[in-house]
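Trainee: Please put the sequence and the model up for us both. I would like to ask about some details one at a time.

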Amino acid sequence: MFVRGLLDSPVVQKTLTELTERLLASYRQTGGINHLDGKNLPSRHAIALIVQDVLRVLCPGFFSDRVIHSSEVALETATLMDSVAGRLEREIFKSLDYAPPAGTNRALAGTLARQITFEFLEELPTVRDLLGTDVEAAYNGDPAALSQDEVIVAYPCIEAIAVQRIAHVLYRKDVVLIPRIMTEWAHGRTGMDLHPGARIGSHFFIDHGTGTVIGETSIIGNRVKMYQGVGLVARSLSAGQALRGQKRHPTLEDRVTVYAGATIMGGDTVVGAGSTIGASVFLTHSVPPNSLVVNEEVRVKVMEKKRASAALDFQI
Amino acid sequence: MFVRGLLDSPVVQKTLTELTERLLASYRQTGGINHLDGKNLPSRHAIALIVQDVLRVLCPGFFSDRVIHSSEVALETATLMDSVAGRLEREIFKSLDYAPPAGTNRALAGTLARQITFEFLEELPTVRDLLGTDVEAAYNGDPAALSQDEVIVAYPCIEAIAVQRIAHVLYRKDVVLIPRIMTEWAHGRTGMDLHPGARIGSHFFIDHGTGTVIGETSIIGNRVKMYQGVGLVARSLSAGQALRGQKRHPTLEDRVTVYAGATIMGGDTVVGAGSTIGASVFLTHSVPPNSLVVNEEVRVKVMEKKRASAALDFQI
Amino acid sequence: MFVRGLLDSPVVQKTLTELTERLLASYRQTGGINHLDGKNLPSRHAIALIVQDVLRVLCPGFFSDRVIHSSEVALETATLMDSVAGRLEREIFKSLDYAPPAGTNRALAGTLARQITFEFLEELPTVRDLLGTDVEAAYNGDPAALSQDEVIVAYPCIEAIAVQRIAHVLYRKDVVLIPRIMTEWAHGRTGMDLHPGARIGSHFFIDHGTGTVIGETSIIGNRVKMYQGVGLVARSLSAGQALRGQKRHPTLEDRVTVYAGATIMGGDTVVGAGSTIGASVFLTHSVPPNSLVVNEEVRVKVMEKKRASAALDFQI
């Protein structure tokens, strides 16, 4: 109310015009954070909708408010596939047009976008098989889980891992931007930052998962289990972009368990099969199979009773 | 543009039909991640809307864009209660139909759903009382807080704890799926994974909270304070589902403070009243009242000045 | 179906009326979590929309589904500025009306709201310059980054840092509630809790970022890099609200790197320029420039092969 009328006044309009002019001058001066007259970037919003439809294809009947009957699933799936194919092809075209893969050029982008879309859809049954092992691992690994249905409906790791496996298919086909936009969509929803480049085996379970990070060149074996806040990360080398493409993140062999908040660093670091890494460990070198890796014992100091509240003041 | 016309071509349609056929074959072969011809699962979307309306009932006037006057609060509350009651009963019915509690059967689901809905609504004043102590604890505990109003409007722990307390009421009545769907809704929004099974005392405060995990069988006393990334977790026993129902998560007595990233593990672990647990500690055994638990001292190594950038290369 | 008819029955209505009565009684008794007949609080929803429009102004062309041409950017920016100005002024008015800054009163709130809105818009080019250095730092610091475009479109730290820098402008002008509502909006989306009060230098990069917390009175130099789960936090003093306004959070000088899950605590704690803090470190005192700070070495114990699965049982 108090605003409406005044904003139309000549003085206010003059000020707003000046403020806009400053911004336009800033657009002309500052390079990196403008995107004007450029190529179309893939749309975050369109990709979010595509990912959700692909999840529906992977786990039919789970993300709908009503029961789906066998008799209708064929028609529903055909309709969904048709819709996903068209929309995904459009986004892949933008991506190829933005950064054509080596050995191709923009003229081929249309043909290539269609081909990659079909190859992607062709791999969905394989992705489903892997995802089925992840659901099984979550159910078997968590005594709090009631049923595999509950795992799919309520465990955020299923969504995060499914999206990583979907994005990984496109990553392997040298599509840029889209895979990362997909996993960042899941990152925002689940707190799990699983890079599309990571190679992840079957029966993978991340319990709770908020803050867990798996870097681009990580390799993870079968039946690996990890918790919230675990990081498979790279050394922060001053070399920066010079390391692009090199293996910078660790390898976890089969049946490794990593507890909450542990950080495992470096492209040469290999955690041997069957090993367990304790919470908050910072591991920067390889360990042999069946290792148990923990921090030094904690110090426990019992304060006098009258100092109980002072203990909260926490002067170490 | 380039996609629209071509998708209608016979060749593309043939390919899409084949790809759909592969998926349908996969649905027939892979069991666990289909939900066809089954019972109706509770709807995640409907439950998210119910939770938001219950939050409005708990903190009247806070989640509306205009001031609510005392004269209208009676009518608004009655309308909201009416709406919540009908929708919640429908979701509880689906849950009881999916997994009837011991000693009941599907025929009783309808009657039981109504009864549980009323019992749930009856407990809301008690939940409000507890939540009021949580708001008080957040305000008193955080010098950055301006007022209790700001705490309710801007502190994510209030939303996460409120939803846990709501879900806990249904959990105690043996309703499955819905409580976990509720807390996972809050987990996605706040990064706090507070299991509906946990028993939590009054004046509970989680500052920042992203990545904090409280497991199903945790017991937390009064006036406990914790920070982001804290985990009250279970041992990852190979026994898995065999442990269902056992106490697997720790007990924190009154006035315990747990700093960021600390992990406390195991159903037998009891942290005595008035204790303080330092950041990144991994505690797997009990400690007496008034304990101060910290990691060993960190090592500090000062590099030569010219090695400053090399220090970033971080070869430990 | 089973619900619809019955809810209209007199018995059910009587019960619902009684349950509503209990709540109304609770509203009368419990103070802190009601907001009735009070002043209008700033709207979380309106502020979320304002923030998104300011992000569009800062990075033109990035958050739109189509290419923006130079010829139209002047008109688009003017329209956006006009719309933001009106809506922001309205929210700032509510904030000043709720808590008038020292030396002013409610009668001045209207004039002051307009003035602060204009001062805010005037600073946007400066915020853009800083944000440009952050994008540059993210691209240079991460070998996984394809281009600065990808950084803006897909890296959550850009959103989190941009919102902090926006909110910081209002924080410095003594506007309450709105800055925190802004950063909590970003916190919910990115898992990064960057308080609007923190003073942050140029070229700031937070990789992954989920669970990272930067407290109100933190001071961060130029070219600082940090990872997920890092906390710049205050001691949990029993003094609580008595510490309001004091420096409670640490200072990081230029070119400091902090690895995942490290917690740095206390207002007197200064991390000297060029230092590196290892993962999971809990640092409660100052360290000189060029320090390398790490935890004690981890213990590695290799179990016999047949004990591999028992290692998962993890008895330390």
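This is a predicted model: local features need pLDDT of at least 70, side-chain atom pairs count only at pLDDT 80 or more; totals for chains, interfaces and linings use all residues.

Trainee: How far apart are the end C-alpha atoms of helix 9 of chain B?
Mentor: The expected span of a helix is 1.5 Å times one less than its number of residues. Helix 9 of chain B runs over residues 178-190, so its 13 residues should span 18 Å. The model agrees, as the end C-alpha atoms are apart by 18 Å.

Trainee: How many of the 13 residues of helix 9 of chain B are buried?
Mentor: A residue is buried under 20% relative accessible area, exposed over 50% and partly exposed in between, with a 1.4 Å probe and protein chains only. Among the buried residues of helix 9 of chain B are Ile178(B), Met182(B), Trp185(B) and Thr190(B). The helix is largely enclosed by the rest of the structure, because the buried residues number eleven.

Trainee: Are helix 8 and helix 9 of chain C roughly parallel or roughly antiparallel?
Mentor: Axes are lines fitted to C-alpha atoms, for helices over the stretch in contact, and angles run from 0 to 180 degrees between N-to-C directions. Under 35 degrees counts as roughly parallel, over 145 as roughly antiparallel, 65 to 115 as roughly perpendicular, and the rest as oblique. Helix 8 of chain C packs against helix 9 of chain C at about 175 degrees, with the axes 8 Å apart. That makes the two helices of chain C roughly antiparallel.

Trainee: How many residues of the contact between helix 8 and helix 9 of chain C are nonpolar?
Mentor: Contact means heavy atoms within 4.5 Å, and it includes Val163(C) and Leu170(C) of helix 8 of chain C and Met182(C) and Trp185(C) of helix 9 of chain C. Ala, Val, Leu, Ile, Met, Phe, Trp, Tyr, Cys and Pro count as nonpolar, Asp, Glu, Lys and Arg as charged, and the others, Gly among them, as polar. Three of the contact residues are polar, two are charged, and the nonpolar ones number twelve.

Trainee: Which residue forms a salt bridge with Arg56(A)?
Mentor: A salt bridge is a side-chain nitrogen of Lys or Arg within 4 Å of a carboxyl oxygen of Asp or Glu, and the count over all chains comes to 39. With N and O 2.5 Å apart, the partner is Asp53(A).

Trainee: How many residues apart in sequence are the parts tied together by Arg189(A) and Glu159(A)?
Mentor: The closest N and O atoms of this salt bridge are 2.6 Å apart. Arg189(A) lies in helix 9 of chain A and Glu159(A) in helix 8 of chain A, so the pair ties together parts whose separation in sequence is 30 residues.

Trainee: Are Glu89(B) and Arg114(B) buried or exposed?
Mentor: Glu89(B) and Arg114(B) form a salt bridge at 3.0 Å. Glu89(B) is in helix 4 of chain B and Arg114(B) in helix 5 (residues 109-122) of chain B, so the pair ties together parts 25 residues apart in sequence. Both residues are buried.

Trainee: In which loop is Asp37(B) placed?
Mentor: Asp37(B) has a positive phi near 60 degrees, although it is a residue other than glycine. Asp37(B) is partly exposed, at 42% relative accessible area. Its place in chain B is the loop between helix 2 (10-29) and helix 3.

Notes
Residues are numbered from 1 along each chain as its sequence is written. Chains are lettered from A and ligands numbered from 1 in the order in which they are written. Side-chain values use heavy atoms; hydrogens and water are left out. Helices (H or I, at least four residues) and strands (E, at least two) are DSSP runs, numbered from the N terminus.
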